[in-house]
Amino acid sequence: MAGKKKKSTTRSGTNLESLSFYNFFLDRALESYLLRDSLKQMGARVQMHRDHFAEDAADVDWLPVIARRGWVILSKDQYNWLEIRAIKNAKGRAFLLVRGELSGEEQAAIICKALSEMLRILDLTTPPFIAKIYKMAPCI
């Protein structure tokens with residue numbers, strides 16, 4: 001007779017234990033105090049573009065700097081090949097919110113909801129990588 005399967009002590013989708021291991025960087029396209037504060041409330045360490053770079057800093061200049069620091073890039077930009085190469089060469093990790101025309105509240109809600117899966121990807125995936133976050137349509 002097979003032994004009983006050990007029951008998990010954490011509820012599915014709520015394990016945020018590894019959150020403190022990562023520093024999240026909000027780029028210009030996604031940075032907002034609402035998102036920053038929402039992530040911090042969940043226990044994340046968060047940096048904003050405006051606190052480290054000039055407003056007009058080129059993405060190809062700051063992307064490798066952030067990647068080399070080991071910070072996780074959060075954006076809603078779709079990167080061009082030069083930016084992708086900059087992330088790849090610096091062994092960066094980025095998550096892109098794929099959806100236009102979302103309010104700051106919607107963006108924060110989607111990213112916070114995806115955080116457990118993002119942490120799973122961060123814990124299991126060797127950099128470099130660029131992953132996408134999609135807003136799921138409601139089931140009807």
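This is a predicted model: local features need pLDDT of at least 70, side-chain atom pairs count only at pLDDT 80 or more; totals for chains, interfaces and linings use all residues.

Residues are numbered from 1 along each chain as its sequence is written, and side-chain values use heavy atoms, with hydrogens and water left out.

In β3, Val72 stands opposite Phe24. I also looked up β4, which runs parallel to β3 and is joined to it by four bridges. There I noted Ser75 opposite Leu96.

Which way do the β3 side chains point? Val72 and Leu74 point one way from the strand (residues 72-75), Ile73 and Ser75 the other way, and all are buried, buried being under 20% relative accessible area, exposed over 50% and partly exposed in between (1.4 Å probe, protein chains only). In a regular strand the side chains alternate between the two faces of the sheet.

**Aromatic pairs**

Searching the whole structure gave me five aromatic pairs. Rings of Phe, Tyr and Trp (its six-membered ring) pair if their centres lie within 6.5 Å; planes under 30 degrees apart count as stacked, over 60 as edge-to-face and the rest as tilted. Phe25 and Trp62 are a tilted pair because their planes are at 45°, with ring centres 5.2 Å apart. Phe25 is in β1 (residues 23-26) and Trp62 in helix α2 (residues 59-68), so this pair ties together parts 37 residues apart in sequence. I checked burial too: Phe25 and Trp62 are both buried.

Next I looked at Phe95 and Phe129, whose centres are 5.7 Å apart and whose planes are at 75°, so I logged the pair as edge-to-face. This pair links β4 (residues 93-98) with β5 (residues 129-134), 34 residues apart. Phe95 and Phe129 are buried.

I also found one aromatic cluster, formed by Phe25, Phe53, Trp62 and Trp71. Over the ring of Trp71 sits the charged end of Arg69, 5.0 Å from the ring centre; the test is NZ of Lys or CZ of Arg within 6 Å of the centre and within 35 degrees of the ring normal.

Key:
Helices (H or I, at least four residues) and strands (E, at least two) are DSSP runs, numbered from the N terminus. Two strands pair if DSSP finds at least two bridges between them.
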